[in-house]
Amino acid sequence: MIMPLMTGGYTCKQIAERASGYLDGDLGALEWARFRVHTMACSICNEYVRQIGITVHLLESLPPTETEQMRSELMGLYADWSDNHCTNAHGNDGGS
Ligand SMILES: [Zn+2]
């Protein structure tokens, strides 16, 4: 059911950039669908989003004033992680 071309709707880096919005429910319907298709097809991004989800849930139990900075720092770490690992691991959705 997963069409490879649709996976190319987003690169792994774009997934990383949208992970926060996805978890916050801020993505539009099309963005959300593309995001889901990519994460279903890409085990690396799937794991990546799962871990961010866990982190966000943990942060939600802390006072908001503290979580804002922690959250942006963590997202920065995740973005780095994605740059260094995800794109190297399987390219920018160019197939392979
Ligand atoms: Zn990916």
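This is a predicted model: local features need pLDDT of at least 70, side-chain atom pairs count only at pLDDT 80 or more; totals for chains, interfaces and linings use all residues.

Trainee: What share of the residues in the protein is buried?

Mentor: A residue is buried if 20 or more other C-beta atoms lie within 10 Å of its own, exposed if 12 or fewer, and partly exposed in between, with C-beta atoms placed from the backbone. Of the 96 residues in the protein, 19% are buried.

Trainee: Which residues make up the largest nonpolar core?

Mentor: In soluble globular proteins, nonpolar side chains tend to be buried together. A nonpolar core is a set of buried Ala, Val, Leu, Ile, Met, Phe, Trp, Tyr and Cys residues joined through C-beta atoms within 7 Å. Here the largest one has eleven residues: Tyr10, Cys12, Ile15, Ala16, Ala19, Phe35, Cys42, Cys45, Tyr48, Val49 and Tyr78. Helix H2 (12–24) and helix H4 (43–60) are the elements that give two or more residues to this core, and H2 gives the most, with four.

Trainee: How is the packing of two helices described?

Mentor: By the angle between their axes and the distance between the axes. Axes are lines fitted to C-alpha atoms, for helices over the stretch in contact, and angles run from 0 to 180 degrees between N-to-C directions. Angles under 35 degrees count as roughly parallel, over 145 as roughly antiparallel, 65 to 115 as roughly perpendicular and the rest as oblique.

Trainee: At what angle do the axes of H2 and H4 cross?

Mentor: They cross at roughly 30 degrees and come within 10 Å, so H2 and H4 are roughly parallel to each other. Two residues are in contact if their C-beta atoms, placed from the backbone, lie within 7 Å. Cys12, Ile15, Ala16, Ala19, Tyr22 and Leu23 of H2 meet Ile44, Cys45, Tyr48, Val49, Ile52, Gly53 and Val56 of H4. Ala, Val, Leu, Ile, Met, Phe, Trp, Tyr, Cys and Pro count as nonpolar, Asp, Glu, Lys and Arg as charged, and the others, Gly among them, as polar. This contact has twelve nonpolar residues, one polar and no charged.

Trainee: How do H2 and helix H3 pack?

Mentor: The angle between H2 and H3 (residues 29–41) is about 120 degrees, and their axes are 11 Å apart; they are therefore oblique to each other. Ile15, Arg18 and Tyr22 of H2 make the contact with Glu31, Trp32, Phe35, His38 and Thr39 of H3.

Trainee: And how far apart are the axes of H3 and H4?

Mentor: They are 5 Å apart, at an angle of about 115 degrees, which makes H3 roughly perpendicular to H4.

Trainee: Where does Thr67 lie?

Mentor: Thr67 lies in helix H5 (residues 64–90). With 16 other C-beta atoms within 10 Å, Thr67 is partly exposed. Leaving aside neighbours within four places in sequence, Thr67 is in contact with Leu59 and Leu62.

Technical notes
Residues are numbered from 1 along each chain as its sequence is written.
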